Amino acid sequence: MVLPAFGALAKHGLLPDNWRLIGNGRGHQTHDEFREHVKKVLDDAKTGLSGRQWRGFSSSLRFAGGGFTESDPGELADVVAEAKDDLGGGDDVQLVHYIALPPSTFEPYTKALDAHGLAEGARVVYEKPFGTDSESFERLDELVLSIFPEERVFRIDHFLGKEATQQLHVLRFNNRLLEQVWNRYHVAAVQIDIPETLGVSNRAGFYDETGATLDMLVTHQLQVMAEVALEPPADASPEALLEAREAVLKDFRPMDPSEAVLGQVEGYRDIEEVDDDSQTDTFVAAKVWIDNDRWEGVPFLLRTGKQLKESHQHVTLVLRRPQTRGFGERPPRPETIAFSLAGNGTVAATVTAQRPGAPGDLVAGSLLLDLEDLPRAEPLPAYASLLRDVLAGDRALFTTATGLREAWRVAAPLLDNRPQVQPYAPGSWGPEAAKEIAAPHGWLSQNSLDD
């Protein structure tokens, strides 16, 4: 996602006038070989750069091989120094480190940045997960903040960077129809459902260190849940939105392991780089509660997993039944307001109506808004939006140490007392036991009930 995001910024003219992008790895390759690699990645992602745009983009690409450790900087320090000279040197050159590595390497890589003089004045972006439990989070956070001030630390969460995710608070607070139902009196349950059909074979080594709970639930879904559940911010500023998201996280109840199901897809242990006896979860479904006036008694149902029946990214508000006497037999499916976080995003509401020409015959219908159809819509990929914010120094869509600390607090009981992983078949909806998590409504997509 990262290289195509830079390509998207270039296509939209959102990169600085003068910049350099340095790839870093253990292997050795020339700048031209790195450019060929980047070209293939951008072509595969269908970034759509014109020939002129690519020539300008590729001229800023560099590569530093030989790895990078506390005892050996490889070529990185020298290539960074050359890049700074190319850009005119001095304090006007802003250095940004983007650390997209397994979480176990964050500490040594951070120490290496300090050891080789690459930390002073720099910004640093950490891919998820930032720590693998509460203890490792606190240790890593203490180390990072001993080297970088908080305002220069960017802990990435590409789900918060999605324009469709940001639409959640925009639609809620700008439409009375939504604003009025956004509470326990009208909402029976909230589902944050992110199943995937993809497997993990292309990054099995990384994934086996994390699993679905760390890779998605702690890192993404709890933050999206906070975006859904937050109280009205003090004002419309990014800082107020960040404060509101962090405030509601403090009301999240620690998870109960008995209200969670972990699964592992059949065949996972046969993948190279995965241990034969791995207990890593490739699926998780869990129930989370919020202890405040707005959401008391409303379950938030979180599900994600690999190699499931379909891929989607839905936030669904399951509405309570109307209190008035019905005019006919209502359909079994409850009314919902659903938001798709994939692509440009959609908003769908299901309604109950009488079938024309058939008095008393009630059927479910739907209202759909595709946000791509809005006038002059030109959305950016989530990573592109976040990288643009990093370059500008805007941290509103990034997780802070306070927010992540609360997320680890909420997840701690599940991580400390993990239920046994249950097998499930590829192409299914995961372990059968996960259906009970979403009872009585079942897991809902925008258009159908998973059964």
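**Salt bridges and a buried helix**

At a relative accessibility of 45%, Asp86 falls in the partly exposed class. That class sits between buried, which means under 20% relative accessible area, and exposed, which means over 50%, using a 1.4 Å probe and protein chains only. The model is a predicted one, so local features need a pLDDT of at least 70 and side-chain atom pairs count only at pLDDT 80 or more, while totals for chains, interfaces and linings use all residues. Residues are numbered from 1 along each chain as its sequence is written, and side-chain values use heavy atoms, with hydrogens and water left out.

Asp86 turns up in two salt bridges, a term that stands for a side-chain nitrogen of Lys or Arg within 4 Å of a carboxyl oxygen of Asp or Glu. In one of them, the side chain of Asp86 meets that of Arg20, with N to O at 3.9 Å. Asp86 belongs to helix 4 (residues 76-86) and Arg20 to the loop between helix 1 (2-11) and strand 1 (21-24), so this pair ties together parts 66 residues apart in sequence. Helices (H or I, at least four residues) and strands (E, at least two) are DSSP runs here, numbered from the N terminus. Like Asp86, Arg20 is partly exposed, with a relative accessible area of 27%. The other partner of Asp86 is Arg62, and here the closest N and O atoms are 3.8 Å apart. This pair, too, links distant parts of the chain: Asp86 is in helix 4 and Arg62 in strand 2 (residues 61-64), 24 residues apart. Arg62 is buried, at 16% relative accessible area.

Another salt bridge joins Arg405 and Glu138, whose closest N and O atoms are 2.7 Å apart. Arg405 lies in helix 14 (residues 401-416) and Glu138 in helix 6 (residues 134-147), so parts 267 residues apart in sequence are tied together. Both are partly exposed: Arg405 has a relative accessible area of 33%, and Glu138 also has 33%. Salt bridges that share partners then join Glu138, Asp141, Glu150, Arg155, Arg395 and Arg405 into one network.

Helix 13 (residues 382-392) is another story. Of its 11 residues, 8 are buried, so helix 13 is largely enclosed by the rest of the structure. Among the buried ones are Tyr383, Leu386, Leu387, Asp389 and Val390. The buried residues of helix 13 pack against helix 1, strand 3 (96-99), strand 4 (123-126), strand 5 (153-155), helix 7 (158-161) and helix 8 (163-174). Just after helix 13 comes Gly393, with a positive phi of about 80°.

Now for the whole protein. There are 15 helices and 14 strands. The radius of gyration, taken over C-alpha atoms, is 23 Å, close to the 22 Å that the globule rule (2.2 Å times the number of residues to the power 0.38) gives for 451 residues, so the protein is as compact as a globular protein of that length. The C-alpha atoms fill a box of roughly 75 × 50 × 40 Å along the principal axes. Buried residues make up 51% of the 451. Of the contacts (heavy atoms within 4.5 Å) with a separation of 6 or more, 74% are between residues 24 or more positions apart.
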